[in-house]
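Hi everyone, thanks for making time for this.

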2 protein chains.
Amino acid sequence: MNFEFEIKAKDGKARLGVLKTPRGEIRTPAFMPVGTAATVKSLTVPQVKATGADIILANTYHLMLRPTGERLKRLGGVHEFMRWDKPILTDSGGFQVWSLSSLRKMTEEGVTFASHIDGSRHLLTPEICMELQADQIQSDIIMQLDECTKFGANENQARESMELSLRWAKRCKTAFGNRKSQALFGIVQGSVFANLREQSAKSLVDMGCDGYAIGGLAVGEGHELMCQTIDVTIPHLPETHPRYLMGVGKPIDILESVLRGVDMFDCVLPTRAGRHGQAWTWDGPINIKNAKFIEDLTPLESSIDCEASNNYSKAYLNHLFKCNEILGQVLLSWHNIAFYQDMMSKIRAHIGNGSLNEFANEMRARWAKN
Amino acid sequence: MNFEFEIKAKDGKARLGVLKTPRGEIRTPAFMPVGTAATVKSLTVPQVKATGADIILANTYHLMLRPTGERLKRLGGVHEFMRWDKPILTDSGGFQVWSLSSLRKMTEEGVTFASHIDGSRHLLTPEICMELQADQIQSDIIMQLDECTKFGANENQARESMELSLRWAKRCKTAFGNRKSQALFGIVQGSVFANLREQSAKSLVDMGCDGYAIGGLAVGEGHELMCQTIDVTIPHLPETHPRYLMGVGKPIDILESVLRGVDMFDCVLPTRAGRHGQAWTWDGPINIKNAKFIEDLTPLESSIDCEASNNYSKAYLNHLFKCNEILGQVLLSWHNIAFYQDMMSKIRAHIGNGSLNEFANEMRARWAKN
């Protein structure tokens, strides 16, 4: 295992830990803000750091198209490029090929696709994916290339897809080789089928990865099925390794997943929703454009130590959105990231104190109202 | 004179000074970033402050439409609203009525116009203008309502317009009354006619204002005519009071105007150009979208103490603009404001050293190349 993962406390299945990387420690459970094109949308690096984020995620698909892997390598890798010196996790690109590109063609070798930007053709194979992430982008945590099984697939389709992802995992591991300063995470697939999730998890564990992701969730199955699938997957993952639930999610999804033993999360929601005027608060999300905030002098969350959360009135933020001012998008994105980090910090503290269930019950009650 | 204006040094006609306001000192010559709708577009207050800006400008026209003067008063005024605690100058709204609104109707009483946002009808008179700026927006430096004479007006038209502005100045002064913690600036008009500029300036000085602005320039007359008009106006303004050239301008315009005795400036150029990918450097402006920057690892200006100027490569900024990332607009706006403030700081230092002409010659040579 390339990065040391220390579990400091447990509360039920929830784990308080630290993942130690050459670029710094990641306190878990961790939320990774998404920096798709080597920028956490609208925010400067110091703004993101000030929220307490230990790691961010960047998208291989976007970076391989712009500025391209070759160019990023010449420019010194993604950390130097965007001036973020803490850990970065990159996804494999497979999910965006599936969701953004056109003219996809899957073969055993890999996937060919047309760029959503200019239609140019590209090939992504396990080997190219490792070269992109490890040598060109130079991220710290590298995800295997997988196929994200579509929700609604029948068991046979899900099995075939999962088994392809396993074969790709093996090729990724070979291509990744014996690097020591980066980590390779495998991705459990199998849709909502418990037997497939078990087979996928056990095969990856046999192969040996630095961490294990649960993929193919938050793709339309809903909160209940997502939780059930986590429940049937986690028992087959080793206690000793970090577990990452990809692309999740809303605060309640994160909380319920931590209770089930997940350590890492990423989601575009805080920044995407922020750009559209939605702000998270401890009493649930609000739409700042709502007329009821037009003379509301209270800040979004006075308890959060972030300028965007505690320094500006809702009346001012409402005004900025009404006037289509960029600063509104900046401040709500920033606040939402700060809110997510504040939530992770509270979750970690409650695991340490053995009080996560009480916290979860309080949050469920508060958030159910909205 | 409500605010003390101390002139610390002179170099030719250029003046190094400090305008002392209840909300802090303004080092002159000063550049005021424009915060139209109570936000310097895309930037947080700490970002603007970090550039060394002592004062910003806000637009009465925009604020009277959104959030409206009445609402701004209930919300505690513009400083509290946008969380900027240093001085704010507001224009009168007249210029934007002229440039943005439709269905304008000028009378001796004032101007009625239709909002460019929703077509709603509004009336702006000298008295309403004072109430808006002094009581509702609660700015520190308040501009008289004037009519910005169109460039190309003949002498008779320019005289009538200038005389209307003088009558409005008198009504503004009466309405402004004996307030002591705010200042009222008069605006010299008269288009490019020396005799009209003289008459306007002398009449305003007779009336007695806290500062004198030169209006009706940078409206299409070009650099030469602008400089000539400043030259025929300045001799009629008192040495003891601050002089403000409205809406100017490019770095070279500012430098040439300082040499002619101007103390204060405002312009949307640094933020507007920044949002469109233009960055100022000591060697002239560059368009960061230009392909030649695609692998340029140098920052915009390493000598400027601003994250946007010295921390990110041109290659990264080029990438952000290519990807339509908001952060690109943020960083170029921020850098341009920092560049302007750095220029003002150098101008002040050179006035103090008696070396402004050498500095101006160097800049003219550098900027002429571009």
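Let's begin in chain A, with an open sheet: three strands in the order 1-2-3, paired antiparallel. Before we go on, keep in mind that this is a predicted model.

Which strands sit at the edges? Those are strand 1 and strand 3 (24-28) of chain A, each of which pairs on one side only. On average, neighbouring strands in this sheet are turned by 15° against each other, if you ignore direction.

Now zoom in on one pair. Strand 1 and strand 2 of chain A run antiparallel to each other, and seven bridges link them.

Okay, let's zoom out to domains. Chain A is assigned a domain 1, covering 4-266, and a domain 2, covering 274-368. Taken over C-alpha atoms, the centres of these two domains of chain A are 27 Å apart. Where they touch, 25 residues come from domain 1 of chain A and 24 residues from domain 2 of chain A.

So which elements does domain 1 of chain A bring to that contact? Those giving two or more residues are strand 1 (4-11), strand 2 (14-21), strand 4 (30-33), helix 1 (45-50) and helix 10 (251-259) of chain A. Helix 10 of chain A gives the most, with five residues. Sort this side of domain 1 of chain A by class and you get 16 nonpolar, five polar and four charged residues.

Last stop: hop over to chain B and find helix 13, residues 314-322. Is this helix mostly covered or mostly open? Mostly covered: eight of its nine residues are buried. Among the buried ones are Tyr316(B), Leu317(B), His319(B) and Phe321(B).

What do the buried residues of helix 13 of chain B pack against? Part of the answer is in the other chain: helix 4 (77-82) of chain A, together with helix 14 (326-353) of chain B.

One more detail while you're there. After helix 13 of chain B comes Asn324(B), which has a positive phi, near 55°.

Methods. Residues are numbered from 1 along each chain as its sequence is written. Chains are lettered from A and ligands numbered from 1 in the order in which they are written. This is a predicted model: local features need pLDDT of at least 70, side-chain atom pairs count only at pLDDT 80 or more; totals for chains, interfaces and linings use all residues. A residue is buried if 20 or more other C-beta atoms lie within 10 Å of its own, exposed if 12 or fewer, and partly exposed in between; C-beta atoms are placed from the backbone. Helices (H or I, at least four residues) and strands (E, at least two) are DSSP runs, numbered from the N terminus. Two residues are in contact if their C-beta atoms, placed from the backbone, lie within 7 Å. Domain bounds come from an automatic or database domain assignment. Ala, Val, Leu, Ile, Met, Phe, Trp, Tyr, Cys and Pro count as nonpolar, Asp, Glu, Lys and Arg as charged, and the others, Gly among them, as polar. Two strands pair if DSSP finds at least two bridges between them. Axes are lines fitted to C-alpha atoms, for helices over the stretch in contact, and angles run from 0 to 180 degrees between N-to-C directions.
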